[in-house]
Every structure is written in structure tokens, then in C-alpha cells.
Amino acid sequence: MEIQWYPGHMAKARKIIKQNIRLVDAVIELVDARAPLASHLPDLDELSGGAQKIVVLNKADLADERVTGMWIKKFREMQLEALDVNSMDRHSVKRLINLITTIYCKKPGCRPTRCMIIGIPNVGKSSIINQMAGRKGARTGDIPGVTKGKMWLKVNKELELLDTPGILWPKFEDKAIGIKLAILGSIKEELINIEELSYIFLEFLSKEYPHSLRERYKIDVGKSPREMLNDIAFKRGFLMAGGVPDMERSAKTLLMEYRQGKLGRISLENPDEQGGFWQNISNQE
Ligand SMILES: Nc1nc2c(ncn2[C@@H]2O[C@H](COP(=O)(O)OP(=O)(O)OP(=O)(O)O)[C@@H](O)[C@H]2O)c(=O)[nH]1
């Protein structure tokens, strides 16, 4: 499956990030816990200069807990601060605030640490900013030396966030990365052949999480992806004139329900995987 990818505003976004990054102590790179590598920004280190990076695996409530634990271990082995977070949950986000404070505020009365959130589309940047800043997130106003109009949100005495997150698009020369991001919902649907995408996803699920498919849709996971999608259409009553199964509706429903967590906690990537399903996808023409 070919994903047409024309992020026209990419250069502008990079420029804005570059300008803002020099104002912060730390960059919080938000990745999707279900695919931390595919949703990671390979050129962020080059953009972020000296600012320290904290990797936040967001939407951890939707990811396979065991696999997320493996990722955290892996990032820490690479000497990176890493934390799993559910931005919908105040307590979970509090752990991130505490981590930043522990790293940057060694003594009482320290100056506020300034952070910027960066991540790919739909990874949860606005949600985490809102959850971190909460009602206290009153804008602190223009600060001298800061690009006009730039605002800081006060999280607490020790922490301030830049009010606008940085959106970046990953480079994906690798076909599997594009497909994972499409499954997660980070790529506009108009750019995707949704039926083809669902076939790949069904094949992945039938190999890695067959029980989730069986439980949710009561289908035979030994069948071909096309047959499985067909069966989902029948089970759900997605039928067009003449009783023809509506495959597109079926595909959209499958992906929507995955993104909403209705299929259970499912990770697309595993740090220990070598070869395997995604490698085969990447190797395909
Ligand atoms: N389950 C779950 N959903 C989340 C989490 N974080 C964000 N979401 C949902 O993911 C969707 C995207 O979140 P946003 O905060 O708008 O993401 P964004 O990165 O600001 O998106 P863009 O503005 O497109 O760049 C929303 O429907 C959120 O409710 C999370 O930790 N868990």
C-alpha cells in the first residue's frame, strides 16, 4: 500500500520549533506507546540542540502493558528519560510533572523549568498540555526576550510549558512506519486506502492478538484478511443494496474501535522483534 505523503507545512513547523527550542530547558517528545519507534521523530535531536529530551509514551492505557514496560527499559538503557503516560488521567500526568521536577529542581526555590511538547499529529499533545496545566494553566503572559505572542502555561511553581506544541511529521521511507501511523490515526484518511490498511491490520492481529479479534467480532481468525473483514461486515449488519457487505464501513469500524481501545490493549511494535511481520511489510514492493 502506497501512502501519498505531502506535508506542505513541514518546513514552517520545523522553523518554528527551532526558534522555540532555544527557550526551553527540556523537550518532551511525545510518542505513541503502541508504536514508540514509528511515532518517534528521528531528526528531533538535530533540531533540539542542547535541550534535554524526555520521551513520553502517551496513550499507554491503549498499549500492551508488558510491551510498554519493555520499551521503557529499552529507552532507559539508551540513557534516555522515559515514562509511560495516559493523558486522560490526572494522576498519570502527575508522575510526569514529578519526574521533571526531580530532574530539574534539585533545591526549593529553583527557577521554573521550561518545557516544550513535540510530537506527530494526533499523539496527544494538546491533551497532555491541558492535563498538565489544568485550570491553573493561566497564561503567564509575554516574557521578555520571547517571540512576541509566545505564552507560557504555569503548571506549578517549578514548571512552565510553552502553550503551543510542536507538530512534526516523521520521515517514513520505510513502508511499515507509514502503515503503523495510519493504523494509529496519525495520517489523514484521504491519504489512505482504508480497506487495504485494514487487511494488513487484520493479518497483524490474527498473528499477534488473535484472542482480541475473536472476542470483539466473534470471527474465525484462521481466515484470510479479506474474509475476516467480510465476516465483520456480516456480523455487524453492514450490508449494502442486494446484501453486499460494506467492506469500507467494516474497515473504518475496525480501525476506529482499535483507536478507541475497544479491542483491548494492543501494541503494534515490540522492541525485541527482529524480522517478523513488519519486516515482511517493509520488504514488500
Ligand atoms: N486513550 C487515550 N486517548 C488519548 C490520550 N491522549 C490523547 N488522547 C486522545 O487522542 C486524540 C488526539 O489527542 P490530541 O491531544 O488532540 O492530539 P494532538 O497531538 O494535539 O493532535 P494534533 O492537534 O492533530 O497534532 C484525542 O481524541 C484525545 O482524546 C491518552 O493518553 N489515552
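1. Basis of the note. The structure is a predicted model, in which local features need pLDDT of at least 70 and side-chain atom pairs count only at pLDDT 80 or more, while totals for chains, interfaces and linings use all residues. Residues are numbered from 1 along each chain as its sequence is written.

2. Overall fold. The protein holds 11 helices and seven strands, where helices (H or I, at least four residues) and strands (E, at least two) are DSSP runs numbered from the N terminus. The C-alpha trace spans about 70 × 35 × 35 Å along its principal axes. For 285 residues a compact globule would have a radius of gyration near 19 Å, and the 21 Å of the protein agrees with this; the radius is taken over C-alpha atoms, and the globule rule is 2.2 Å times the number of residues to the power 0.38.

3. Burial and contacts. Of the 285 residues, 35% are buried, a residue being buried if 20 or more other C-beta atoms, placed from the backbone, lie within 10 Å of its own, exposed if 12 or fewer do, and partly exposed in between. Among contacts between residues at least 6 apart in sequence, 69% join residues at least 24 apart, with contact meaning that the C-beta atoms, placed from the backbone, lie within 7 Å.

4. Ligand shell. There are 17 residues around the ligand, of which S87, G124, K125, S126 and S127 come nearest; a residue is near if its C-beta atom, placed from the backbone, lies within 6 Å of the molecule. Helix α5 (residues 125-133) gives the most to this shell, with three residues. By class the shell has five nonpolar, nine polar and three charged residues, where Ala, Val, Leu, Ile, Met, Phe, Trp, Tyr, Cys and Pro count as nonpolar, Asp, Glu, Lys and Arg as charged, and the others, Gly among them, as polar.

5. Helices α7 and α9. The axes of α7 (residues 194-208) and α9 (residues 225-236) come within 9 Å and cross at roughly 100°, the axes being lines fitted to C-alpha atoms, for helices over the stretch in contact, with angles from 0 to 180 degrees between N-to-C directions. The two helices are therefore roughly perpendicular to each other, a term that covers 65 to 115 degrees, whereas angles under 35 count as roughly parallel, over 145 as roughly antiparallel and the rest as oblique. S198, Y199, L202 and E203 of α7 make the contact with P225, R226, M228 and L229 of α9, and by class this contact has five nonpolar, one polar and two charged residues.

6. Helices α9 and α10. The axis of α9 also comes within 9 Å of that of α10 (residues 247-259), and the two cross at roughly 90°. Here L229, N230, I232, A233 and R236 in α9 meet M247, S250, A251, T253 and L254 in α10, a set that divides into six nonpolar, three polar and one charged.

7. Residue I97. I97 lies in helix α4 (residues 90-104) and counts as partly exposed, with 16 C-beta neighbours inside 10 Å. Not counting residues up to four places away in sequence, I97 touches M132, V155 and L159.

8. Backbone points to check. Q79, although not a glycine, has a positive phi of about 65°; Q79 is in the loop between α3 (65-77) and β3 (81-84) and, with 6 C-beta neighbours inside 10 Å, counts as exposed. N122, also not a glycine, has a positive phi of about 70°; N122 is in the loop between β4 (113-119) and α5 and, with 18 C-beta neighbours inside 10 Å, counts as partly exposed.

Note on methods. Two residues are in contact if their C-beta atoms, placed from the backbone, lie within 7 Å.
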